[in-house]
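Subject: Predicted model for your review

Dear colleague,

I am passing on the structure below, together with some notes on what was found in it. Please read the notes with the model open beside them.

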Amino acid sequence: EALHRIRRGIDCLQLDTEAMTAFRWMNRAMLEQRAHYALSAETSLRRGWVRAAGSGFSPAKPYRTPEYRSDVRWRPFQLAFILMNLAGVSDTADPERALVDVIWFPTGGGKTEAYLGLAAWTMLRRRMADPSDAGVSVLMRYTLRLLTAQQFQRAASLVCALELLRRGQPDRLGAEPFSIGLWLGGSVTPNRDRSAVDALTALNRGETRNPFVVLSCPWCGIEMGPRRIGNDRAATVFGYQKQSGTVRFVCPDPSCEFAGAQGLPLEVIDERIYERPPTMVIGTVDKFAMLPLTPRARRLFGLGYGEVSPPDLIIQDELHLISGPLGSMVGHYETLIDALCTRKGADGRTRSPKIVASTATISRASEQVSALYGREARLFPPQALSAGDSFFAEERSDLPGRLYVGALGSGLSSHIVAQIRLTAALLQAPAGLRQTMTDEDVDPYWTLVTYFNSLRELGRASTLIHADIREYLKWVWRRAGLQEAPTDRTKLRRFVDE
């Protein structure tokens, strides 16, 4: 079935010249997204500020368009996933549109690029079909707000690439900019223009909490937001501008393509998102609980906002997290969202959006999708004859990779005792690694990251670290042949060397 759908996607490109053009543009936009996202995401490439002559500031390093490497390639499963969904996305009457395609691939395998590529093609194809159809084309949802903010930066680089493409092709892609909105809510981003202006005023006065999320230009990588330059006691705010009673993002580097009056095509203020719905909206699933209380949010679905279509594509990341009580609540709102996105065509048939999801770990996907969306699910890559080989991915024991280990402390008196001993062992382990590894290889293991389900558990663990775990470490050191308890990392290294 998957191969048949991939074949249909190829036929769609061969038979539809506009679909093929959109595919080429999508391919170019994804290449540019990859290069420009690295400028803002990688610390070594991100550019800061220095004081210029007089009272101004200038970028520490000049902006140079990154190299678009010709050797960059799609991974086979990414290209296959995009192709197999082209028919369902482009034709509102296609039966494949009712399927929920779930990308099931390990963390770090490239799921995000797969559905971002499909999103880019969807946005381009819609504008090419009708340049004036500038409503929300893609709804992308996450369960965790931190993850949402991170993925927003990645998707923002893609939208910037699409917007520059539109500026060069206004006849084919319309006059309305491609844009992206972050729809989270008041505890993370401003709900209203007035709140945004007040927040910007507070930042200029020295407030440390920054509700605007955007910390660097997603295109050129220059730092944005409040920054202390040199020995300055007060921070200077870069890239946030008060305009017409609201706050807009304008790249502060004059050499960037998004430094002009049009600025960056980004929105994080709820009022602005409702006033002028972006092409892509990224939010968390809990935000949709506000729909009954926010009548203007209906504009995101093409209602009350001119003659625009509803969203064509809904993307749900980390599908496995929407289970249990959360899944029950989300399932109720999915019925509402599906109704808001559904229209009747000229032939009287209903048209619903295409839904895709991604996950790294899931079980009983068909049952979960049926409970959430009332639709059939298709897992991709599908299971082949061998559980360890799906053609697009295979398990290899001869190559280095991640090793996941679980600790079952059933022989200990309590969970707290198990936590003390396991934490102490993990804190001590990097010192032993220095006997066979270089400092550079060992360095990442000095930091122990621990997750907790509640503040109460976090407080209890903090007490253990300052008392019981330190005491148990002394016993670990004695067992390892260390004659005294080291007080710092340098002393510990000396003991291990000896």
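The notes below take up the pocket, the cavities, the salt bridges and some backbone features in turn.

This is a predicted model, in which local features need pLDDT of at least 70 and side-chain atom pairs count only at pLDDT 80 or more, while totals for chains, interfaces and linings use all residues. Residues are numbered from 1 along each chain as its sequence is written, and side-chain values use heavy atoms, with hydrogens and water left out.

**Pocket and surface patch**

The largest pocket holds about 1,300 Å³ of space, and of its 34 lining residues the closest to the centre are Leu 422, Leu 426, Leu 448, Val 449 and Thr 450. On a 1 Å grid over the protein atoms alone, a pocket is an open set of points with protein on both sides within 12 Å along at least five of seven lines, a cavity is a set of points where a 1.4 Å probe fits but cannot get out, and lining residues have an atom within 4 Å of a point. Grid points are joined across faces, edges and corners, and a volume is the space filled by probe spheres set on the points.

Helix α11 (residues 415-433) gives the most to the lining of the largest pocket, with 12 residues, and both α11 and α13 (455-466) supply at least two residues each. Helices (H or I, at least four residues) and strands (E, at least two) are DSSP runs, numbered from the N terminus. By class, the pocket lining comprises 23 nonpolar, 7 polar and 4 charged residues, where Ala, Val, Leu, Ile, Met, Phe, Trp, Tyr, Cys and Pro count as nonpolar, Asp, Glu, Lys and Arg as charged, and the others, Gly among them, as polar.

Leu 422, Leu 426, Leu 427 and Leu 448 also form a nonpolar patch on the surface, with about 300 Å² of accessible area together. Such patches are made of residues with over 30% relative accessible area and no salt bridge, nonpolar side chains (Val, Leu, Ile, Met, Phe, Trp, Tyr) being joined within 5 Å and like charges within 9 Å; the areas come from the Shrake-Rupley method with a 1.4 Å probe, and for residues only the protein chains shown count as cover. Leu 426, which is found in α11, counts as partly exposed because its relative accessibility is 42% (buried means under 20% relative accessible area, exposed over 50%, partly exposed in between, with a 1.4 Å probe and protein chains only).

**Cavities**

The structure holds 2 cavities of 30 Å³ or more. The largest, with about 40 Å³ of space, is lined by Ile 314, Glu 334, Ile 337, Asp 338, Ile 355, Tyr 373 and Arg 375, and helix α9 (residues 324-341) gives the most to this lining, with 3 residues. The second largest cavity has about 30 Å³ of space and is lined by Arg 141, Val 285, Phe 288, Val 330, Tyr 333, Glu 334 and Ile 337; here too α9 provides the largest share, 4 residues.

**Salt bridges**

A search of the whole structure finds 32 salt bridges, each being a side-chain nitrogen of Lys or Arg within 4 Å of a carboxyl oxygen of Asp or Glu. One of them joins Arg 28 and Glu 32, with the closest N and O atoms 3.0 Å apart; both residues lie in helix α2 (residues 17-41), 4 residues apart, about one turn of the helix. Arg 28 is partly exposed at 43% relative accessibility, whereas Glu 32 is buried at 12%.

Another links Glu 271 with Arg 192, at 3.4 Å between the closest N and O atoms. Glu 271 lies in helix α8 (residues 270-275) and Arg 192 in the loop between β5 (180-183) and α7 (193-204), so the pair ties together parts that are 79 residues apart in sequence. There is also a network of salt bridges that links Arg 5, Arg 8, Asp 94, Glu 96, Asp 101 and Lys 354.

**Backbone features**

Phe 380 and Pro 381 are joined by a cis peptide bond, with omega about 0°, and Pro 381 is in the loop between β16 (377-380) and α11. Glu 318, although not a glycine, has a positive phi of about 50°, and is found in the loop between β12 (313-316) and α9.

Best regards
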